[in-house]
There are 2 protein chains.
Amino acid sequence: MTDFIKDGLALVEDDLAGIEIALEQNLTPYLEVVRKTARHIMFSGGKRLRPLLMVLSARICGYKGDYDKTFSVIFEYLHTASLLHDDLVDEATVRRGKPVANSIYGNSIAVLVGDFLLARVLSIASRTGRMRIIKAIAEITENMSQGEIHQLINKGKLDLSEEEYMEVIRRKTAVLIEGACRTGAIIAGASEKKEKALAGYGLNIGLAFQMADDLLDYISDTKVLGKEIGADLKEGKLTLPVIHALQNTEPQDRALMEKIITNDNFSNQDFKKLKDLLKTYKGLDYTRSRAKFHIKAAIDSIAPIGNSQSKDLLLMLAEYVLTRKM
Amino acid sequence: MTDFIKDGLALVEDDLAGIEIALEQNLTPYLEVVRKTARHIMFSGGKRLRPLLMVLSARICGYKGDYDKTFSVIFEYLHTASLLHDDLVDEATVRRGKPVANSIYGNSIAVLVGDFLLARVLSIASRTGRMRIIKAIAEITENMSQGEIHQLINKGKLDLSEEEYMEVIRRKTAVLIEGACRTGAIIAGASEKKEKALAGYGLNIGLAFQMADDLLDYISDTKVLGKEIGADLKEGKLTLPVIHALQNTEPQDRALMEKIITNDNFSNQDFKKLKDLLKTYKGLDYTRSRAKFHIKAAIDSIAPIGNSQSKDLLLMLAEYVLTRKM
């Protein structure tokens, strides 16, 4: 982590602490098992990127009210609900360095606690009194579920295009971050111009964030990442590093790449070989450059907004997306 | 089916046809698999009780607009989403005479299409422009998910009280039907008094409906019911017929009852024996009398509302709840 980012994080320490409290206070289930399951996944080192972006987006638009932390939990609950359902879908085993919730509490509880969190999202969103926020949340959840389904039916598709990959990550990841930034602006009663600027920032940050995530699945290690390395490939999930490399591979390497990709039980040696091929055919470099492109687009999107500490923090978070190790 | 009910159904034929069209038109997924999965469960002989109740509740309050059918799908989509997630939770195999969706399309798709339907609910609800409806929907979904979880953790609990059973069925079933009736009143701009009367009707119909459902699991047969008979017991789900019989059983029969209840693989002969014991210890009679009590409470709740054809239909539907065979 650069010093720049460390200093920035110190500036949002109070915001992050406020978000933690709000996440706990707004859960309000009547059953203890619901709290336990939701806590298991939610209080295990999440970065709180989404609620933090909503809080900063509201502040950059001059919001001075008391409800920003409360409303910000919407975006962490949505994210958590999606993780609970996805871990079941993906048959993942580890998340944030801990066994996934469904392996401890069972698939049924994981599904239903996810549903409960979606319901809480709706309750809290209705407290904003803004129908536009309700509509935004509806759009986000429609996109997320369809993005996940799209990803699911794309599994193992060796000729997946970059375009289709972009469509999936926009829906499953980027619209939520876009929505967090947009909602911050709406809560602050910002002008349409500012709302669009912040939504554009969020969308691009979201795309870059997912690309960085997909890169980490090849270049991080399990201990740092808190989940299995190579998990995407094991699930047959083709992400940009692989898509790009496959498009540029020489015929003599294609067969080997495809063999490793379509083998659910590839060895560590196979995985190492594949990573070499991703390097050779610029899959990693290209993904990094596309992520950088969207980081720049995010920064450009908020350029018209005047300077402030909140803006500096948004710029810093944009940098963080590319430098993070987990 | 009595002639009274047959004549009544003829009167709502147009409404039911309108509801079918709205259910199809408001789905609008961009992926074909979503439509296929949702259709699989939704267009397989559902009774459309919930949307019909919303439409009739709006009409009884003088609603003359064009959007009642559109808004009514909210309650069928919520119901369908819950079925998709519950079939997975319950490990059911048959629903409405067809294999459950998750056995054909996989658990992942079933979970995610359920999420998509919840998102559609939110989108359509936001088009009402009424924050009170959004709040009602939020409350319903919170109750439904917690009711299902409560039922799940109650599984196999031999000392389950009638009170706890009532709490579960209120949350998992009755609040949705209550919400359908209440929403009809809100859409029509009804007085608070009428809204309360219709909500009271819906809540009590919902309780009676679930009790009747729990009875059918013991007295119907698989072919008519479209799902396995005795499924509740196989899943360890103790419903009112069993709860009441257990509370009143003589010591010499208790051990046998408990043995059958706690055995996941009970034989047909065991099941027959258990049904005899439910008769002996008035489990079936008592459940029927409690259902009748709530039917009466439902009818009483709308007594202050003036007579009309819509009111006659609500009274008829109240009777139908107890006489239905599936």
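**Chain A against chain B in a predicted model**

Reader: How many residues of chain A are in contact with chain B, and which helix of chain A gives the largest share?
Author: In this predicted model, 35 residues of chain A are in contact with 35 residues of chain B. Helix 3 (32–42), helix 5 (68–90), helix 7 (107–126) and helix 8 (131–153) of chain A each give two or more residues to the side that touches chain B. The largest share, 14 residues, comes from helix 8 of chain A.

Reader: What relation do chain A and chain B have?
Author: Chain A can be laid on chain B by a turn of 180° and a shift of 0.0 Å along the axis, with an RMSD of 0.0 Å. The copies meet through the same surface, because 100% of the interface residues of chain A are also interface residues in chain B.

Reader: Is A:Leu84 buried or exposed?
Author: A:Leu84 is found in helix 5 of chain A. Not counting residues up to four places away in sequence, A:Leu84 touches A:Ile41, A:Ala101, A:Ala110, A:Val113 and A:Gly114. A residue with 20 or more other C-beta atoms within 10 Å counts as buried. A:Leu84 has 31, so A:Leu84 is buried.

Reader: How far apart in space are A:Leu84 and A:Val100?
Author: In sequence, A:Leu84 and A:Val100 are 16 residues apart. In space, C-alpha to C-alpha, the distance is 8.2 Å.

Key. Residues are numbered from 1 along each chain as its sequence is written. Chains are lettered from A and ligands numbered from 1 in the order in which they are written. This is a predicted model: local features need pLDDT of at least 70, side-chain atom pairs count only at pLDDT 80 or more; totals for chains, interfaces and linings use all residues. Copies are superposed by least squares on the C-alpha atoms of residues with pLDDT of at least 70 in both. Two residues are in contact if their C-beta atoms, placed from the backbone, lie within 7 Å. Helices (H or I, at least four residues) and strands (E, at least two) are DSSP runs, numbered from the N terminus. A residue is buried if 20 or more other C-beta atoms lie within 10 Å of its own, exposed if 12 or fewer, and partly exposed in between; C-beta atoms are placed from the backbone.
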